[in-house]
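Welcome, and thanks for taking a look at this one. Below is a short briefing on how the model is put together, grouped by topic so that you can follow along in your viewer.

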Amino acid sequence: MDSTLERTIRDRIDEEKARTAPPAEAIEIPLIPVGRYTDAAFYELEKQRIFGRSWLFVGHESEWPQAGSYRLTTRSGAPIVVVRGEDGELRGFYNACRHRGAPVTRDECGTARRLTCQYHSWSYGTDGTLKSVPDSRSFTDLDQGSLGLVPVRCETWDGWVFISEDAQAVPLLEFLGPIADQMAEIDGPAMRAVGTQVHRLECNWKLMVDAFLEVYHVRTVHPDNAAFLYNDQSATVTMLPHGNSRLTVEKHDAFRDFAMVSEENDNPAVPLLWRQTSTSFGIFPNLVVPMDTGAFTFLCMWPTSGTTTDLELRWYAPAWAGDEVPQEHLDRMVLFDTVMAQDQANMAPIQASISSPGARPFHIGWHERLIHHFERAVDLAIGPDLLPVGTAVSDALDGYVELA
Ligand code: FES
Ligand SMILES: [Fe+2]
């Protein structure tokens, strides 16, 4: 990895461990209003202006193994099908027929030469063009060339596939900025899907994102697992453009060079710093990815309403031989499930408390500032003028955003 970046992060880790008071550059972070987690109008704005526009993770390119492979998602709110064309390109489309709107696939995933509508069998190529219309004699002047499936942006970076419903969105690589190179250290193209876990949470999606942007809670919530492994006093965070972020926390001495995975299933691409620490990238709006050797996960927070969320964990690991997933990857998923259950246990009670007359704004420590950074990006994505009264966070940390 870039040696300047590695030096910077290691120096900051040492500074964090040594300090006994907030660092000199720290400011008092303005309070975070809790209405943003409970207000129905706020959630409506998020659906339209965040989930309807942002780059959203949908999988790894290997999950579309051949021409005609398709996968359907409704996670962002709209029904979208991503399909690999004859030319090898992945493309996204709304799963809606141009005749009268019926789905062109009902299966979650599959392989097809044509996507054929479920209602009257209009049929589309894997590039979205309309190929055939049964009984076309009954339509006057049907311009088939203009009746392709409605496209959705779909871009792949280092093997990872994202969609955006916003035709004006900046290209995925530009949005990712420094994360694109830094996360590529894990060698995305060499990955293969291990499996997916979903936790149904009784809370606003941002409460769960917030929890993955700090390690302050680790000793309290995860005393029997993560706290053994990580020294939360070393936590080093960087606010990156577009609401993205990086968080690095050192492993305790006893575990720093301990092999967490067998040599056979180790990811040789993972650099030393990522091995000796837990380093996770926050990708706006709803994705957190902790780097690791062996199997690692993309944590996706998908709102299912203003006060419920699906936490989807999509696991990947370096490609292995044969069909069977290596047992140690499955074991890691099980272990991680225990950690997630501990996080999850806090969520519904917090949602209940901030929905009660006892609700008060959140106090954020300097070590938790990624939360303010993320919440500020939410406001900027919605447009600060549109926010319900009293729900905005401040712009006080805007000057702390770094470029690497
Ligand atoms: S709605 Fe698709 S063929 Fe009629
Ligand atoms: Fe946690």
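Two strands pair if DSSP finds at least two bridges between them. With that in mind, Cys300 stands opposite Glu312 in S17. This is a predicted model, and its protein is divided into domain 1 (3-54 + 178-400) and domain 2 (56-157).

**How the domains meet**

- The separation between the C-alpha centres of domain 1 and domain 2 is 33 Å.
- On the domain 1 side, 14 residues are in contact with 10 residues of domain 2.
- Four elements each supply at least two residues of the side of domain 1 that touches domain 2: helix H2 (40-51), strand S11 (191-201), strand S16 (296-305) and strand S17 (308-318).
- By residue class, that side of domain 1 has nine nonpolar, two polar and three charged residues.

**The sheet with S16 and S17**

- Seven strands make up an open sheet here, in the order S11-S17-S16-S15-S14-S13-S12, and the pairing is antiparallel.
- S11 and strand S12 (236-239) are the edge strands, and each of them pairs on one side only.
- From one strand to the next, the twist of this sheet averages 15°.
- Helix H5 (residues 205-212) packs on the sheet and touches S11, S15, S16 and S17. The direction of H5 makes about 155° with that of S16.

- Strand S14 (residues 277-283) pairs with S15 in the antiparallel sense, over four bridges. Ile283 has Leu287 as its bridge partner in S15.
- Strand S15 (residues 287-290) is joined to S16 by two bridges, and the two strands run antiparallel. Leu287 turns up again here, with Cys300 as its bridge partner in S16.
- Five residues lie between the strands in the hairpin of S15 and S16, where Gly294 takes a positive phi near 60°.
- S16 and S17 pair in the antiparallel sense over nine bridges, and they form a hairpin with two residues between them.
- Is S16 enclosed by the rest of the structure or open? Eight of the 10 residues of S16 are buried, so S16 is largely enclosed by the rest of the structure.

**The sheet with S3 and S4**

- Another open sheet has seven strands, with antiparallel pairing and the order S1-S10-S9-S4-S3-S2-S5.
- Strand S1 (56-60) and strand S5 (109-111) are its edge strands, each pairing on one side only.
- The twist in this sheet averages 25° from one strand to the next.

- Strand S3 (residues 80-84) and strand S4 (residues 90-94) are an antiparallel pair with five bridges. Within this pairing, Val81 stands opposite Phe93 in S4.
- S4 also pairs with strand S9 (residues 151-157), in the antiparallel sense and over two bridges.
- S9 in turn pairs with strand S10 (residues 160-164) in the antiparallel sense, over five bridges. Thr156 stands opposite Val161 in S10.
- Two residues lie between the strands in the hairpin of S9 and S10, and Asp158 takes a positive phi near 50° there.

**Helix H2 against helix H11**

- How do H2 and H11 lie relative to each other, roughly parallel or roughly perpendicular? H2 and helix H11 (residues 369-382) pack at an angle of about 80°, with their axes 9 Å apart. Angles of 65 to 115 degrees count as roughly perpendicular, and H2 and H11 are therefore roughly perpendicular to each other.
- H2 brings Leu45, Glu46, Arg49 and Ile50 to the contact, while H11 brings Val378, Ala381 and Ile382.
- The residues of this contact divide into five nonpolar, no polar and two charged.
- H2 is also one of the elements that supply at least two residues of the side of domain 1 that touches domain 2.

Conventions. Residues are numbered from 1 along each chain as its sequence is written. Chains are lettered from A and ligands numbered from 1 in the order in which they are written. This is a predicted model: local features need pLDDT of at least 70, side-chain atom pairs count only at pLDDT 80 or more; totals for chains, interfaces and linings use all residues. Domain bounds come from an automatic or database domain assignment. Two residues are in contact if their C-beta atoms, placed from the backbone, lie within 7 Å. Ala, Val, Leu, Ile, Met, Phe, Trp, Tyr, Cys and Pro count as nonpolar, Asp, Glu, Lys and Arg as charged, and the others, Gly among them, as polar. Axes are lines fitted to C-alpha atoms, for helices over the stretch in contact, and angles run from 0 to 180 degrees between N-to-C directions. Angles under 35 degrees count as roughly parallel, over 145 as roughly antiparallel, 65 to 115 as roughly perpendicular and the rest as oblique. A residue is buried if 20 or more other C-beta atoms lie within 10 Å of its own, exposed if 12 or fewer, and partly exposed in between; C-beta atoms are placed from the backbone.
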